[in-house]
Amino acid sequence: MNSIVLEYRLYKNELSFEPLYHYTSLGLDEVLARRECEFFVKDGMTYKQRSSALEGDQYFLIYVDRYTEGPMDKQETSEIKVEIRTLDDRFDNPLLEAYYVDRHLDALAMLGSQYLYVANKEYERDSAETDEDRGVYVIYVTPTGYTLEEST
């Protein structure tokens, strides 16, 4: 069986791309979780996903544009963390909840959901990012105003 490869490429123009990051030790579940994210943070640079592709059966590509640059917040971790944050730049996207999951597949289940529930309140997914600097997936949400009724 061929090994899985993920490569991030910077879009330059319709015919030109620059390889940015190349991974050969990721599992398929992690590659798919990363592909579900519209944003990718590495070395203080935030990239916005333009598109993704599969060359052959194991060579995954994510094409990105530079989005913003900020200070690098590097944290080493071996745990898989998923943060749910309210999309509100005025308040630095407040953290609603943080989850530690056992597998990237569990993170993917959250990343791929249009609606998430925190403390019985419904939130709609706006976007998500793989923040490699902090070792976390971040899901940005907005409240829908709907509250789950607790069953008795």
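Student: A crossing is left-handed if the near helix is turned anticlockwise from the far one by less than a right angle, and right-handed if clockwise. So how does H1 pass H2 here?

Tutor: H1 passes H2 in a left-handed crossing. This is a predicted model, where local features need pLDDT of at least 70, side-chain atom pairs count only at pLDDT 80 or more, and totals for chains, interfaces and linings use all residues. Residues are numbered from 1 along each chain as its sequence is written, and side-chain values use heavy atoms, leaving out hydrogens and water.

Student: At what angle do H1 and H2 pack?

Tutor: About 25°, with the axes of H1 (residues 28-35) and H2 (residues 104-111) 8 Å apart. That makes H1 roughly parallel to H2 (angle under 35 degrees).

Student: New topic. How many salt bridges does the structure hold?

Tutor: The structure holds 13, each a side-chain nitrogen of Lys or Arg within 4 Å of a carboxyl oxygen of Asp or Glu. In one of them, Arg9 meets Glu7 at 2.4 Å, N to O.

Student: Is Arg9 buried or exposed?

Tutor: Arg9 counts as buried at 17% relative accessibility, and Glu7 counts as buried at 8%. Buried means under 20%, exposed over 50%, partly exposed in between (1.4 Å probe, protein chains only).

Student: What about Arg90, which residue does it bridge to?

Tutor: Asp88, with the closest N and O atoms 3.1 Å apart. Arg90 is exposed at 68%, while Asp88 is buried at 17%.

Student: Which residues do shared partners join into one network?

Tutor: Lys81, Glu83, Arg85, Asp131 and Arg134.

Notes
Axes are lines fitted to C-alpha atoms, for helices over the stretch in contact, and angles run from 0 to 180 degrees between N-to-C directions. Helices (H or I, at least four residues) and strands (E, at least two) are DSSP runs, numbered from the N terminus. Angles under 35 degrees count as roughly parallel, over 145 as roughly antiparallel, 65 to 115 as roughly perpendicular and the rest as oblique.
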